Amino acid sequence: MKVDEIFKTCEQPISFEMFPPKGELSLDVAREVCTGFSELAPDFISVTCSAGGSGNSGKTTEIAAMIRGDFSVPSVAHLTCQGLTAQGLAQKAEQMRAAGIENVLALRGDIVPGVEPGDYSFAKDIIPALVDGGFCVGAAAYPEGHIDCMDFQESLVHLKQKQDAGASFFVTQLFFENECFYRFRDAAEKAGITIPITCGIMPFLGKAQVSRMIFMCGASLPSPIIKLLARYEDDPAALRQAGIEYACAQLEDLKRNGADGLHVYTMNSQDIAAAAMGVLRK
């Protein structure tokens with residue numbers, strides 16, 4: 001099933017993201033993760049490319065196909081344009097079609113030193129070809145602006161360009177403060193964004209992870225999280241639980257305030273996915 005149809009038939013879709021660490025998630029391990037996730041009945045599951053934007057892992061297509069074919073859950077395959085040629089895009093699209101994939105999340109991907117430039121610079125550049133190829137295409141949205149874009153209004157222009165190129169839905173980058181999203185949602189509406197925006201939420205699980213997210217994504221760190229990090233810095237299990245509870249509170253608030261959809265960055269953890277479903281479908 002295509003994601004745009006899910007948004008039409010489901011009032012507030014709940015989805016998960018699988019995150020292959022460095023592209024090394026084996027199919028056997030992926031099957032175990034998918035088995036647990038499918039039991040929670042998400043509306044769709046997205047599958048990332050290699051961590052750090054280092055390429056389009058061949059396993060992305062295989063895992064996305066397995067989710068759809070073996071577990072009857074709609075899937076979304078991530079596709080980055082870094083180093084991608086027009087011929088490579090055509091080949092990738094054909095591989096995904098042959099695997100039965102209907103949905104693609106088009107991304108720029110992180111710029112990696114040593115990767116030869118391709119024919120595309122931005123996610124919006126590959127969206128039209130994917131739409132013409134019959135895919136339902138999603139794209140990324142940045143509630144606090146893209147880390148490489150200093151002008152928030154310019155980031156809204158880029159968002160509109162993705163919609164105009166044919167994107168059918170947006171998935172946001174993680175954020176830790178819901179007010180950031182509500183401000184962004186209002187600004188996006190004023191900028192002419194009409195397609196659904198689903199909110200991406202990731203629990204904080206430790207100081208190192210939070211630091212990495214701040215510098216990779218440019219996400220703000222609100223005072224309550226700083227206090228929790230300080231309180232539980234010597235108790236990793238308690239900090240993990242506090243992070244999951246904080247994320248669940250975010251999800252509950254977003255649900256109450258009419259978010260178009262809710263997307264959980266699960267880090268392949270069953271307890272994170274189960275906790276999210278526990279508060280969203282109670």
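Guide: Aspartate 148 is exposed, because its relative accessibility of 53% is over the 50% mark. This is a predicted model, and the values here are computed from it. The side chain of aspartate 148 meets that of arginine 108 in a salt bridge, with 3.0 Å from N to O. Aspartate 148 sits in the loop between strand 5 and helix 6 (152-165), while arginine 108 sits in the loop between strand 4 (103-107) and helix 5 (123-132), so the pair ties together parts that are 40 residues apart in sequence. Arginine 108 counts as buried, because its relative accessibility of 19% is under 20%. Side chains of opposite charge can pair when their charged atoms come close.

The count of salt bridges comes to 11. One of them joins aspartate 43 to arginine 281, where the closest N and O atoms are 3.0 Å apart. Aspartate 43 belongs to the loop between helix 2 (27-39) and strand 2, and arginine 281 to the segment after helix 11 (270-280), so this pair ties together parts that are 238 residues apart in sequence. Aspartate 43 is buried, at a relative accessible area of 17%, and arginine 281 is partly exposed, at 40%.

Another salt bridge links glutamate 94 with arginine 97, and the closest N and O atoms there are 3.1 Å apart. Both residues lie in helix 4 (residues 86-98), 3 residues apart, which means that about one helical turn separates them. Glutamate 94 is partly exposed at 44% relative accessibility, and arginine 97 is partly exposed with a relative accessible area of 36%.

Strand 2 (residues 44-47) and strand 3 (residues 75-80) run parallel and are joined by 3 bridges. Within this part, serine 46 stands opposite valine 76 of strand 3. Strands of a sheet pair through backbone hydrogen bonds.

Technical notes:
Residues numbered from 1 in each chain as written. Predicted model: local features only at pLDDT ≥ 70, side-chain atom pairs only at ≥ 80, totals over all residues. Heavy atoms only, no water. Pairing = 2+ DSSP bridges. Helix = DSSP H or I, 4+ residues; strand = E, 2+ residues; numbered from the N terminus. Salt bridge = Lys/Arg side-chain N within 4 Å of Asp/Glu carboxyl O. Buried < 20%, exposed > 50% of the residue type's maximum accessible area, 1.4 Å probe, protein only.
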